[in-house]
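These are my notebook entries on a structure that I looked through for a reader new to it.

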Amino acid sequence: MRSHRRSSEREAGGGGRADGWVVGVDSGGSGLRIALARASDARAVETVTSREPVRTGPGGIEAAHLLGQLLPAVESLRGRVGAGPVVAVAVGAAGMATLGEELRAVLPGALREALDVRSLALAADAVTAYAGALGQRPGAVVAGGTGLIALGTDLTTWRRADGWGHLLGDCGSGAWIGRAGLEAAMRAHDGRRGGSPALLARAEARFGPAAGLPAALYPRTDRPAVLASFAPDVADCATEGDPVAVDVLRRAAAHVAEAAAAVCPAPGAYEVALTGGLFKLGDPLLVPLRAELAGQLPHARPTSAAGDPLDGALALAAALATDALRLPVEPKLLHVTM
C-alpha cells in the first residue's frame with residue numbers, strides 16, 4: 001500500500017485541516033455537480049448543479065471550462081454557509097483516465113492560486129463511484145448506466161473491466177440492453193427467428209416506423225444514450241412475460257456479473273456493490289443478476305451502495321484533508337497532489 005502522509009513540516013503548518021472544508025466534484029455527460037462538506041464527516045452541506053457538461057478539446061477535458069464553473073460555484077457555496085478556507089478538492093470526471101492530461105497539468109496550480117488549495121485528487125468517475133459505494137474498503141463496484149465499468153481493489157492496486165464504449169464493450173449496460181432489444185424488434189419486423197413483436201411495437205411507439213430506425217439512429221452523436229433510452233422498454237416487456245426481453249436481461253445480468261468477477265480481489269469474502277441508473281430497471285434485471293453473482297462470485301457479499309459518485313468525491317477530498325487516504329494512487333485512475 002502506498003503512503004500518502006505529508007511531511008512533518010506540512011503537518012505542523014496544517015493545523016485545523018480536519019475541521020476545514022472540502023469540495024467534491026462529479027463531472028459527467030449530463031453536467032457538473034459540486035458539493036461542499038466538512039472534512040470531519042464528508043457529508044454534503046450544500047450542492048450546486050450545472051447542466052452544462054465540461055467540454056473536451058484537443059488536449060482532453062478542458063481545464064479552463066471546468067475552472068470557469070468550479071471556482072464561482074465554490075465561492076457561492078462558501079458564502080451560503082459561511083465556510084472557511086477549502087483545504088482539499090477531489091474531482092471525479094468521466095474520461096479522466098484517457099482525457100485527463102490537461103486537468104492533471106493545470107488544476108493543481110490553478111486551485112493553489114485561486115483557493116490556496118494544495119491537496120487535490122483527480123479521479124476517474126469509476127473511482128469516485130467506488131468510493132461512494134464502498135468507501136475505502138476492498139471489494140468490487142460495478143457502475144452501470146448508459147455504459148458500464150467495473151472496478152475492484154485490494155487496496156494495493158486497481159483492477160478494471162469493461163468501460164470500453166458501446167462499440168467495443170459496455171456489455172450489460174443500458175446501451176447494450178437497448179441495442180439488443182432493438183435488434184429483436186428488427187428481427188420481428190423482418191420475420192427472422194429471435195424476434196419480438198412486443199419489442200417491435202415498443203420500438204415503433206418510441207422511434208417511429210421500424211424501417212426508418214437506421215436513419216434515425218446512426219447519424220446521432222448521442223447514439224449510446226438513444227440506445228439506452230430503450231432499456232426501460234425492454235424491462236417492461238420482460239415484466240409482461242415476453243421471452244425475448246427476459247432473455248436479453250438474463251444475458252445482461254451475466255455480463256454484469258462477469259465484469260464484477262473479473263475485478264473482485266481473490267480469494268476472500270469481499271463486498272460487491274452495484275451503483276448507477278442501470279439498476280433502477282428493477283427485478284427484471286436484478287433477479288437474474290443476483291443469481292449470476294451467486295454463481296460467479298459465491299464467496300462475495302453483495303451490498304447496497306452507500307452513496308453516489310459525488311459522495312465518493314467528497315470522501316476522497318476528506319481523506320486527503322485528514323491524511324486518511326487508503327485507496328491506491330495510480331496516475332490515470334487516481335492522481336493526487338499534496
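I took helices (H or I, at least four residues) and strands (E, at least two) as DSSP runs, numbered from the N terminus. The model is predicted, and I noted that local features need pLDDT of at least 70, that side-chain atom pairs count only at pLDDT 80 or more, and that totals for chains, interfaces and linings use all residues. Residues are numbered from 1 along each chain as its sequence is written, and side-chain values use heavy atoms, with hydrogens and water left out.

**Entry 1: backbone angles**

I looked up Asp116 and found it in the loop between helix H4 (101–115) and strand E7 (119–124). Asp116 is not a glycine, yet its phi is positive, about 60°. I recalled that most residues other than glycine have a negative phi. For burial I used these cut-offs: buried is under 20% relative accessible area, exposed is over 50%, and partly exposed lies in between (1.4 Å probe, protein chains only). Asp116 has a relative accessible area of 51% and is therefore exposed.

I then turned to Asp323, which lies in the loop between helix H13 (309–321) and strand E13 (334–337). Asp323 also has a positive phi, near 60°. Is Asp323 buried or exposed? I found a relative accessible area of 17%, so Asp323 is buried.

**Entry 2**

I counted two strands as paired if DSSP finds at least two bridges between them. In the order E3-E2-E1-E6-E7-E13, 6 strands form an open sheet with mixed pairing. Strand E3 (44–50) and E13 are the edge strands, each pairing on one side only. For angles I took axes as lines fitted to C-alpha atoms, for helices over the stretch in contact, with values from 0 to 180 degrees between N-to-C directions. Neighbouring strands of this sheet are turned by 15° against each other on average, direction ignored.

Which strands does H5 touch? I found that H5 packs on the sheet against strand E6 (86–93), E7 and E13, where contact means heavy atoms within 4.5 Å. The direction of H5 makes about 105° with that of E7. H13 packs on the sheet as well, touching strand E1 (21–28), E2, E3, E6, E7 and E13, and its direction makes about 145° with that of E1.

Why is helix H5 (residues 125–134) largely enclosed by the rest of the structure? I noted that 9 of its 10 residues are buried, so the remainder of the structure largely encloses H5. The buried residues include Val127, Tyr130 and Leu134. Just after H5, Gly135 takes a positive phi of about 70°.

I looked up Thr337 in strand E13. Thr337 is buried, at a relative accessible area of 17%. Neighbours within four places in sequence aside, Thr337 is in contact with Pro108, Arg118, Ser119 and Leu120.

Arg104 is in helix H4, and this residue is buried, at a relative accessible area of 11%. Not counting residues up to four places away in sequence, Arg104 touches Met96, Ala97, Leu122, Pro331, Lys332 and His335.

**Entry 2: the five-stranded sheet**

I found another open sheet, in which 5 strands follow the order E10-E9-E8-E11-E12 with mixed pairing. Strand E10 (158–162) and E12 are at the edges with a single partner strand each, so one side of each has no neighbour in the sheet. Neighbouring strands here are turned by 20° against each other on average, direction ignored.

Strand E8 (residues 139–144) runs parallel to E11, with 5 bridges between them, and Ala140 is opposite Val272 in E11. Strand E11 (residues 271–275) and strand E12 (residues 301–304) pair in the parallel sense over 4 bridges.

H11 lies across E8, strand E9 (148–153), E10 and E11, at about 25° to E9. Among the buried residues of H11 are Val248, Leu249 and Val256.

**Entry 3: cysteines**

I counted a disulfide as a pair of cysteine sulfur atoms within 2.5 Å, and the structure holds 0 disulfides. The sulfur of Cys171 is 19 Å from the closest cysteine sulfur, in Cys264, which is too far for a bond. Cys171 counts as partly exposed at 24% relative accessibility, whereas Cys237 counts as buried at 1%.
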